[in-house]
Amino acid sequence: MPHSPLNSLEQVAALLSEHGVRLYGGEAISQLEHALQAALAAEQDGASDALITAAFLHDLGHLVCEQGDDDVANGINDHHEAVATQVLRALFADDVLQPIALHVAAKRYLCSIEPGYHASLSDASRASLALQGGAMDAAACARFARHPHAADALRLRRYDDQAKTPGLVTPPLAHYLAIAARATQAAQA
C-alpha cells in the first residue's frame, strides 16, 4: 500500500517525536532511542552526513507502518526498508535512500558470508531475519556485492546492530535533524 511522502524535516521530526516512544520491535529501547543510537554510531565512525542520516532514519518505515511491539513475534514483516525509502524520496538522494533500502539485505548478506554474524544478532533481529528471507544464497550475495551502495548498506547494518543499548546517552533529536538538513540540502544542490 502506498504511503504519503514526507515533504519536510518537520514532518519527520513530528513522526519521530509522536511515535518514536514505541518499543523497537522486541528490543529494550524505543524506536527513537534506536534511531539516535544508530546515528551516533555512524557519527562516531566518521560517516558522511548522508550515511549518518541514513542511520538515523533507516527504521522510519516501522513508524509509518505503526509496527506493534509483537508484530515480529506474530510473523508480520512490514517491509520497513521499502516504506522508509518511499516516504523519504522527496527529501533525499540515493546516498541516503539506498543504504536504507539495502540494510535488510545487508543483514541477510552478512549472515551468509561472515561466520558468527548470525549468532551475534539480538533475538528480535534473528526473528525478523526469518521473516525477511533468511540468509542469502550465493547468487543473491553476488548480486548484493555488486550494488553501488552495498558498502554503505553494510556500514549502516553495523550501526543498526550497535544501536540497542538501554540508557545510552546520545545527542538529542535536533542534532540529527540538523545533519539531515545538510543531507537534504546536498541532495537539492
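In this predicted model, helix H2 gives the largest share of the lining of the second largest cavity, contributing 3 residues. That cavity holds about 60 Å³ of space, and a search of the whole structure finds 2 cavities of 30 Å³ or more.

**The second largest cavity**

- Three helices, H2 (31-44), H3 (49-57) and H4 (60-64), each supply at least two residues of the lining of the second largest cavity.
- The residues that line the second largest cavity are Leu 16, Gln 31, His 34, Ala 35, Phe 56, Leu 57, His 58, Asp 59, Leu 60 and Leu 63.
- Sorted by class, the lining of the second largest cavity consists of 6 nonpolar, 3 polar and 1 charged residues.

**Packing of H2 with H10**

- The crossing in which H2 passes H10 is right-handed, and the contact involves His 34, Gln 37, Ala 38, Ala 41 and Ala 42 on the side of H2, with Tyr 159, Asp 160 and Gln 162 on the side of H10.
- The contact of H2 with H10 is made up, by class, of 4 nonpolar, 3 polar and 1 charged residues.
- His 34 is one of the residues that H2 brings to its contact with H10, and His 34 is also among the residues that line the second largest cavity.

**Packing of H3 with H6**

- The axes of H3 and H6 come within 8 Å and cross at roughly 40°, which means that H3 is oblique to H6.
- H3 and H6 form a right-handed crossing, where Ala 50, Leu 51, Thr 53, Ala 54 and Leu 57 of H3 make contact with Asp 95, Val 96, Pro 99 and Ile 100 of H6.
- By class, the residues in the contact of H3 with H6 divide into 7 nonpolar, 1 polar and 1 charged.
- Leu 57, one of the residues through which H3 contacts H6, is likewise included in the lining of the second largest cavity.

**Packing of H5 with H6**

- Helix H5 (residues 80-88) and helix H6 (residues 94-113) pack with their axes 8 Å apart and at an angle of about 165°; since an angle over 145 degrees counts as roughly antiparallel, H5 and H6 are therefore roughly antiparallel to each other.
- H5 passes H6 in a left-handed crossing, and the contact joins His 80, Glu 81, Ala 84, Thr 85 and Leu 88 of H5 to Leu 97, Ile 100, Ala 101, His 103 and Val 104 of H6.
- The residues in the contact of H5 with H6 comprise 6 nonpolar, 3 polar and 1 charged.
- Ile 100 of H6 takes part in the contact with H5 and also in the contact with H3.

Technical notes. Residues numbered from 1 in each chain as written. Predicted model: local features only at pLDDT ≥ 70, side-chain atom pairs only at ≥ 80, totals over all residues. Heavy atoms only, no water. 1 Å grid on protein atoms, 1.4 Å probe; cavity = no way out; pocket = protein on both sides within 12 Å on 5 of 7 lines; lining within 4 Å. Points joined across faces, edges and corners; volume = space filled by probe spheres on them. Helix = DSSP H or I, 4+ residues; strand = E, 2+ residues; numbered from the N terminus. Nonpolar A, V, L, I, M, F, W, Y, C, P; charged D, E, K, R; others polar. Axes fitted to C-alpha atoms, helices over the stretch in contact; angles between N-to-C directions. Parallel < 35°, antiparallel > 145°, perpendicular 65-115°, else oblique. Left-handed = near helix turned anticlockwise from the far one by under 90°. Contact = heavy atoms within 4.5 Å.
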